[in-house]
Amino acid sequence: MRAPTVFSKLFMGLVFLFLYAPIFVLMIFSFNDSKSRTVWQGFTLDWYVQLFQDREIMSAVYTTLLVALLSTLIATVIGTFAAIGFYNMNRRLRAPLLAIDHIPLMNADIVTGVSLCLFFVAAFQLWGSAAAAINSALGTALPTRLYLGFTTLMLAHVCFNIPYIILSIMPKLRQMDKHLVDAAQDLGCTWLQAFWKVVMPEIKPGIVNGMLIAFTMSVDDFVISYFTAGSATSTLAMVIYGMTKKRISPKINAISTLLFGIVLILLVTVNVREARQEARNAARKI
Amino acid sequence: MPLMPLSGRRAAMKNKLSLFSLPYVIWMALFVVAPIVLVVLYAFSAAGGGFTLENFSRMGDYLVVFTRSFKLALVATGVCLLIGYPMAYLLSREGPRFQRVAMMLIILPMWINFLLRTYAWMSILENTGLLNRLFAAVGIIDLGNLCNAGLNTLCAWLNELFGLSLSTGRNTQMEFFRMINTQGAVVLGMVYNYLPFMILPIYSVIVKLDHSLLEAARDLGASSSRIFRKVIFPLSLPGVLSGVTMVFVPSVSTFAISKLLGGGTEMLLGDLIELQFLGSAYNPRLGSAIALVMMGIVLICMLVMNRFGEGEEQAVIL
Amino acid sequence: MKKTLSFTLILSLSLGLLLSGCGSAGSENPGAGTEKRVVNICSWGEYIDPNLIDQFQNETGIKVNYQTAESNEALYSLLKTGGANYDVIVPSDYMISLLIEEDMLAQLNFDNIPNFSLIGDAYKNLSYDPENLYSVPYAWGTLGIIYNPTMTGGDIDGWDALFDPQYAGNVLMIRNPRDAIGIALMSLGYSVNTINTDEINEAYARLADAKQAGVYQSFVMDEVFDKMETGEAAIAPYYAGDYVSMLEVNEDLRFVLPQGVGGSNWFVDAMCVLKDAENKDEAEAWINFMCSTEASLANMDYIYYASPNQGALEQYPAYYEEVYGAALDPGVFEIMAPSQSVLKHCEAYLTLPQDILTLYSNLWIQMGI
């Protein structure tokens, strides 16, 4: 390919500037010695101190990360098995199932959120009457009133994460050489062993890929969490949305700087280590 | 594909493996199909129970909101495409180290939440915000006032000369440019938030293009622009489609961006639906109906678009 | 590259969990089935002194989950949608009547709320809850206009300023149907509780025309704090107590309670317990705590809304002087707690019949469009 020109470097530089300028502004004003988000009045770390004392924001960050992690793990398990299952189905059965699977991807977030909210509330009502009936019949003490909370939030996140996992694994399955499995079974593996030892390593990059995307989508989500998290549980996005509706505090700037800083530092560190590793490998090959 | 029947062993394994998807099929029935069925049920039911079409009958009232949402989403998608495609293409031509770093830099903002990214623009675009302060300090606002004054006199002169009635009332006392609480701010917010979703699919497709195809084209004497038009662009269409989908659908249905940057004076579809569920005008049936209509229109758009590209083999984001 | 990303992710995730886990020590996932007593409250933004929450938690050992809603109508949607589990809510007068009508409130056990006797008689048995079975007043105040004379170039004296194209782009409007249409009704001299659809439509037309002419910068609720304090907007209708909070930050701001043609609106926010609340005893303990004179004084000093606790209201100027060393500006106190002669010109919201409520709802959707 042609060597990159000055124009291309300039264009890319501008795009990155566009992507990062607002974030830098956020970060700079997190150190501002006044509530203003636009007028610089001196350096302070006050907002960070206040941030760590703010239980609401901290527990929201905790919830966000926990939900992202758990939902990614659960989605990966279900999604991997689902992808393998779909791959081995006959086409007539697979096509409609895949179409349904793509619905959470294609659908607008707000429709998914609203539909899940309606579903959960309806399910709660059903449960309520069922539990009440069982309680009176058997004398148990099942809770009759369920409400939106961490569990529904996680279920919702799993719901929109699984399609991403499946989307990442299916191409890898298609690229896989079918005869490998045959060969493994010829050499004496049971079908389960063949599956673990042949299929899984082939699709592992797809799984990792999918987990990455799923985690990113989960952390980035707002709308679906807004409708399914209920009153007592909040993700970071919901807390910020609530805060923007009231007096805005630079604590928001502080948390975004922290989040961004942690990920950036780690990315740089790991990248540098990998680059050094590559250089070492290259040197060894020579 | 050989026509001989699958060996018994392989068929048995296939059957067993296809059962792996059973948990997910049950999951889908519960958490994907049932909620949508509920939305449909709500859309067609009246407050006292029973089937009705009245929720849809008033859809015409909201035509303004529909057109506004689709217009803004189209503009945002167009801008994302204009910026994102060249970006993806230029990225694909760089060295692997650069590409790796660039990819990370593009994904990184997604790990700060979507709402934080939108909030960042508020303090920049406000009347007393950063940009306006910068403009005032550098004198651009005074320049704007001068231009307006000049245009005013010009229009007054033209009016006298030709008997027109051009506007001569432009504000010459501006202290700031009104940037926030406008539709432009909403489009800016959409572009900013969804640009990575346009760049990544296109990039991932272009990068996987078979280089031998490009070499063959060059060997056959095609110029660079010809190669792009005839080889690269058509082959990158699945990525373009994926990117367009991932920008258009959220843009049409957003409500946080219009609330934070749009001022709430001109509702979009997302605002309208949220209003009916958790907002100030509780009416889940009407909300479901609007959501259904929106879903339908978006589905039609997607189907129309998919005629230009492959159906199932959608580009993966990474 | 993907290994890099995933490795980074795992590291940052663990770091993040560690950091935030430390920061939120103790506030684990709800529904963990512990025996800890909890009370779930839904109130309004900037409406409580945070120290009071800590004080209550320390004194009673009941954990407080304090959430806020944006407006009465938004609260109503939250309750009707069904997923929320609040125990205590703090709706305004007209919303309480609606909730009572829909049988969503529980009757209070006043044996658990002995401090109810401290509430002034003027705030008991009001029209929205005539036998006072369901609610205990929390705060009261008036709706007026906050403005910045340096930006408007002069004083404002009535509701007409909120529709005046002269201030185009600098005016904020309230983002809930009852207050917005109510303001328009008052500006036209009609009652805020009118059920005459012509009058309501006329009021709506006035609002819509002003919006069309670009008078309104934005429709806001609590965003008004930032916007008025930083000078982003010049005029905003809002509640008296919030004006005093804003005054602390921006001393240019002024408040006017229109007393002309339509007068203004005074309101009471009262604490209620939801019918299906799970923590009724804890809810009543909270209500009792907030009624106490000590809590009322502290709260008044933070949110600057008048308290219905008679003793607290009378003692406030002295309390203020004791805490801050300077005397309380009588003008400010008059804004916080207007005298009876002023309140005469203020109308309280009454509940409206269902068809009028539907009209309001439809008009409000139209407004957004």
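Reader: Among contacts in chain B between residues at least 6 apart in sequence, how many join residues at least 24 apart?
Author: It's 75% of them, where a contact means C-beta atoms, placed from the backbone, within 7 Å. Bear in mind that this is a predicted model: local features need pLDDT of at least 70, side-chain atom pairs count only at pLDDT 80 or more, and totals for chains, interfaces and linings use all residues. Residues are numbered from 1 along each chain as its sequence is written, with chains lettered from A and ligands numbered from 1 in the order in which they are written.
Reader: OK, what's chain B built from, helices or strands?
Author: Chain B has 14 helices and zero strands, counting DSSP runs numbered from the N terminus: H or I of at least four residues for helices, E of at least two for strands. The chain is more spread out than a compact globule, because its radius of gyration is 26 Å, well over the 20 Å that the globule rule gives for 318 residues. That radius is taken over C-alpha atoms, and the rule is 2.2 Å times the number of residues to the power 0.38.
Reader: Switching topic, where does Met179(B) sit?
Author: In the loop between helix 8 (140–162) and helix 9 (183–207) of chain B.
Reader: Why does Met179(B) count as partly exposed?
Author: Because Met179(B) has 19 other C-beta atoms within 10 Å; 20 or more would be buried, 12 or fewer exposed, and partly exposed is in between, with C-beta atoms placed from the backbone.
Reader: And what does Met179(B) touch, leaving out residues up to four places away in sequence?
Author: Leu125(B), Leu131(B) and Ala185(B). Leu131(B) is 48 residues from Met179(B) in sequence, but 9.2 Å away in space, C-alpha to C-alpha.

Key: Two residues are in contact if their C-beta atoms, placed from the backbone, lie within 7 Å.
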